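Let's take a friendly walk through this model, one region at a time. Keep the structure open beside you as you read.

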Amino acid sequence: MNTFDHYLQSVGEIGFVDDATESLAYVSGLPGITPNELVLFETGEFGQATYLMEDKAEILVFSKYPIDVSTRAVRTQTQLQIPVGKEYLGQIIDPFGNPVDKIRPFTKPTETRNIDTRAPGISDRVKINKVFETGVSLADMLIPLGKGQRELIIGDRKTGKTNFLLQTVRNQAKKGVVCIYAAVGKKKHDVKVAEDYFKSNNVMENIIIMAAFVESPASMIYVSPYAAMTLAEYFRDQGQDVLLVLDDLNTHAKFYREISLLGKRFPGRNAYPPDIFYTHARLLERAGNFRIPSKGAHVENNPKMNENGVAITCLPVVETVQGDITGYIQTNIMSMTDGHIYFDVDLFAKGRRPAINPFISVTRVGRQTQSHLRRTINRELTSFMTLLERIENFAHFGAETSSTIKNTLATGDAITSFFDQTSEVILSEDLQTFLFTLIWFGVWRGKPTDSMKADMAKIMSYYEAHEDYRKQVAGMIEKADSLNALLTTIGQKHAELLKTAGVNQTPTQPTQNPQPIQIAKTDQKVSKGK
Amino acid sequence: MPAQQFSSILDQIQTTDDVERVVNSLESFLSSLYTTNGKTVPEKMDELLPSHIARELKSTMEKSAINPQQIEEVKAIVGAIKAQLMSLRTVSLTLAFDPPQKALDDIASWVKQHFGSDTVMEIAIHPHILGGAVVVANGRYVDKSLKKKLDILFTVKRQEIKEMISNSEHSVSQPVGNIR
């Protein structure tokens with residue numbers, strides 16, 4: 001940005017601050033000012049014109065302290081822009097692209113982009129067709145996501161949402177996806193924890209943390225998600241898939257409400273401004289799977305790029321209070337996203353990690369990206385989990401249960417134990433499929449879950465360390481065109497695979513025909529397939 | 001009271017200092033209307049208002065057939081004049097020197113001609129502009145100062161000026177014997 005005198009001489013217009021509150025200033029003069037134009041004050045602060053009245057303009061000031069009355073202001077004839085570039089990878093920056101700390105060596109990028117842009121239309125979009133792996137088996141198997149999907153992460157405070165997000169970001173960063181974590185109104189300590197997590201897992205070089213701390217001006221917190229999205233769009237235009245986490249939009253809505261009420265906008269429901277839906281919708285619509293411009297070296301090197309598209313996957317976060325997902329902001333964001341992952345406080349209290357409730361969670365477009373095998377597993381697992389829940393409710397009464405129900409409960413325990421995953425563990429899709437199929441086959445039937453977990457840990461560590469083992473498992477999964485085919489293969493090879501991974505197993509007698517459990521209708525008993 | 005009836009008063013007002021002075025005197029006059037010190041309203045006008053304002057006000061009251069003893073009517077007309085004065089638009093002028101009265105009159109008539117008769121000047125003196133004026137009116141900023149012109153000149157003709165200076169230094173440093 002140039003100096004105050006430069007704009008005064010070049011534009012030839014001047015304004016004077018007549019009134020000022022925190023975050024807002026009312027400037028008279030500046031006859032040619034346009035909406036959203038950047039205004040520079042003689043003290044060095046700057047702001048954005050948000051509302052134009054007959055004799056003055058309301059300026060959203062990006063300063064912690066109110067501007068003094070009679071301060072002069074000039075137009076810059078530009079919109080609010082941020083620098084964008086690869087230089088930001090590995091950095092923690094504020095919404096205007098300035099590094100938060102001065103420790104890391106840093107060169108500011110030269111290219112700038114407008115923060116507020118229009119979302120691309122339908123003709124610029126491509127169907128979501130690539131799998132998005134979170135690395136968390138419960139999410140990937142029951143609530144699959146696709147690249148370009150907008151999936152809301154919703155739940156009470158302290159239910160593990162941020163841990164889940166950090167795992168997801170780490171998994172995607174390891175695969176080379178550019179990850180942008182936007183901390184909106186967070187404490188510095190929380191951002192530091194995230195940074196330490198990424199550094200300890202050696203993925204920081206693919207991650208940008210954009211932080212608007214809770215003590216920042218409300219105006220800066222308001223623009224931070226838009227700035228993060230602008231940065232995501234830059235990397236998308238370079239041909240790179242991007243993951244954008246917005247943590248969290250409740251805080252964003254609260255600060256926007258504060259600004260609107262100070263600006264004397266008529267309050268709507270819950271005192272939020274009437275345009276709160278538009279505020280979030282125009283942000284989230286900028287995510288998706290896009291057809292990138294036909295020119296550019298990245299397209300020439302990879303002609304399939306326009307067929308598969310380049311994705312900005314967005315994971316906005318919203319907090320609930322006492323599990324109430326019917327709140328205003330919560331329902332707004334749920335209606336503009338492609339599904340939600342619900343973190344249940346009751347499951348968290350029971351010790352489930354992650355505390356995702358698969359029955360309340362929804363994914364609208366993730367299943368279309370899955371292979372036939374994964375879709376079959378998803379269907380089987382969903383039916384099984386539904387049945388399991390009903391049986392568990394029934395078993396609470398303490399009535400005597402048949403052996404079938406006992407087997408179902410035991411399998412349910414094994415599956416639940418498999419889904420329990422700490423924040424340090426990340427499972428690839430193939431590994432998830434392999435471990436699940438072992439459980440479904442019955443490798444650990446009749447054994448305690450601790451023993452199963454120990455065996456799984458051995459398999460996981462062997463899998464991570466040996467490429468040939470990974471290839472063997474991947475080949476086995478690729479050849480299977482159905483779950484039954486995979487179960488047959490597992491039946492033939494499981495002993496050898498487990499022995500290779502260092503798991504001591506008594507050979508399991510396979511069932512006569514390794515069919516999956518057939519899920520009966522509600523009023524019928526469950527029976528094994530013949 | 002229509003505004004054009006006050007034009008004879010408004011024409012006397014040139015600067016924001018004039019406005020402030022007249023408004024203060026009108027307020028003193030208004031507060032004196034309810035004090036009994038044995039003076040009539042015209043006498044109070046002569047005492048508390050500037051002479052030209054008092055003269056014009058009496059003339060305006062005569063034309064409007066307002067009885068000076070009717071305090072409410074006097075109050076209304078004075079209030080209207082005060083409101084008119086407060087609504088005058090301001091043109092800010094930054095000059096390098098304090099202008100004499102003749103120059104001030106010329107500038108004031110130029111301002112009223114170009115910006116309307118309902119404008120007054122706010123004059124600030126800043127010697128650093130060297131000459132000319134910086135004008136701010138209706139949100140527009142025009143810098144016609146000598147300093148700006150010199151800055152532009154020095155920027156455009158930087159190289160020529162540098163050569164001129166170095167040539168003059170060279171001619172000064174010639175030995176005395178060569179100058180006849």
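K471(A) is exposed, with a relative accessible area of 57%. Please keep in mind that this is a predicted model. The partner of K471(A) in a salt bridge is E467(A), and their closest N and O atoms are 3.5 Å apart. E467(A) is partly exposed, at a relative accessible area of 49%. Both residues belong to helix α16 of chain A (residues 467-479), where they sit 4 residues apart, about one turn of the helix.

K102(B) counts as exposed at 60% relative accessibility, while D106(B) is partly exposed with a relative accessible area of 43%.

The side chains of D46(B) and K58(B) meet at 2.6 Å, N to O. Over all chains, the count comes to 29 salt bridges.

## Where the chains meet

How many residues does each chain bring to the contact? Chain A supplies 9 residues and chain B supplies 7 residues. The area buried between them is about 650 Å², and carbon and sulfur atoms give 56% of that.

Across this interface there is 1 salt bridge. E13(A) forms a salt bridge with R140(B), with the closest N and O atoms 3.0 Å apart. By class, the chain A side that touches chain B has 5 nonpolar, 3 polar and 1 charged residues. Between the two chains, 5 residue pairs are in polar contact. Salt bridges that share partners join E13(A), E37(A), R75(A) and R140(B) into one network.

Leaving out residues up to four places away in sequence, F434(A) touches I459(A), Y469(A), V473(A), M476(A), I477(A), I490(A) and L497(A).

Is H252(A) buried or exposed? H252(A) is buried, with a relative accessible area of 0%. This histidine is found in helix α6 of chain A (residues 249-262). Apart from residues up to four places away in sequence, H252(A) touches V184(A), I221(A), Y222(A), P225(A), Y226(A), T279(A) and H280(A).

N270(A) lies in the loop between α6 and α7 (276-284) of chain A. N270(A) is partly exposed, with a relative accessible area of 46%. Beyond its neighbours within four places in sequence, N270(A) is in contact with R257(A) and Y328(A). N270(A) and G327(A) are 57 residues apart in sequence and 9.7 Å apart in space, C-alpha to C-alpha.

## Backbone details worth a look

Most residues other than glycine have a negative phi, and most peptide bonds are trans.

L30(A) has a positive phi, near 50°, and is found in the loop between β2 (24-29) and β3 (37-41). K158(A) also has a positive phi, of about 60°, and lies in the loop between β12 (152-156) and α3 (161-174). L30(A) is buried, with a relative accessible area of 2%, whereas K158(A) counts as exposed at 66% relative accessibility.

The peptide bond from D247(A) to D248(A) is cis, with omega near 0°. D248(A) is found in the loop between β15 (242-247) and α6. A cis peptide bond also joins R353(A) and P354(A), with omega about 0°. P354(A) is found in the loop between α11 (345-349) and β19 (362-363).

Definitions and conventions. Residues are numbered from 1 along each chain as its sequence is written. Chains are lettered from A and ligands numbered from 1 in the order in which they are written. This is a predicted model: local features need pLDDT of at least 70, side-chain atom pairs count only at pLDDT 80 or more; totals for chains, interfaces and linings use all residues. Side-chain values use heavy atoms; hydrogens and water are left out. Contact means heavy atoms within 4.5 Å. Helices (H or I, at least four residues) and strands (E, at least two) are DSSP runs, numbered from the N terminus. Buried means under 20% relative accessible area, exposed over 50%, partly exposed in between (1.4 Å probe, protein chains only). Buried area is the accessible area (1.4 Å probe) that two parts lose on being put together, summed over both. A salt bridge is a side-chain nitrogen of Lys or Arg within 4 Å of a carboxyl oxygen of Asp or Glu. A polar contact is a pair of N or O atoms within 3.5 Å; within protein, one must be able to donate a hydrogen and the other to accept it, and residues adjacent in sequence count only if both atoms are side-chain atoms. Ala, Val, Leu, Ile, Met, Phe, Trp, Tyr, Cys and Pro count as nonpolar, Asp, Glu, Lys and Arg as charged, and the others, Gly among them, as polar.
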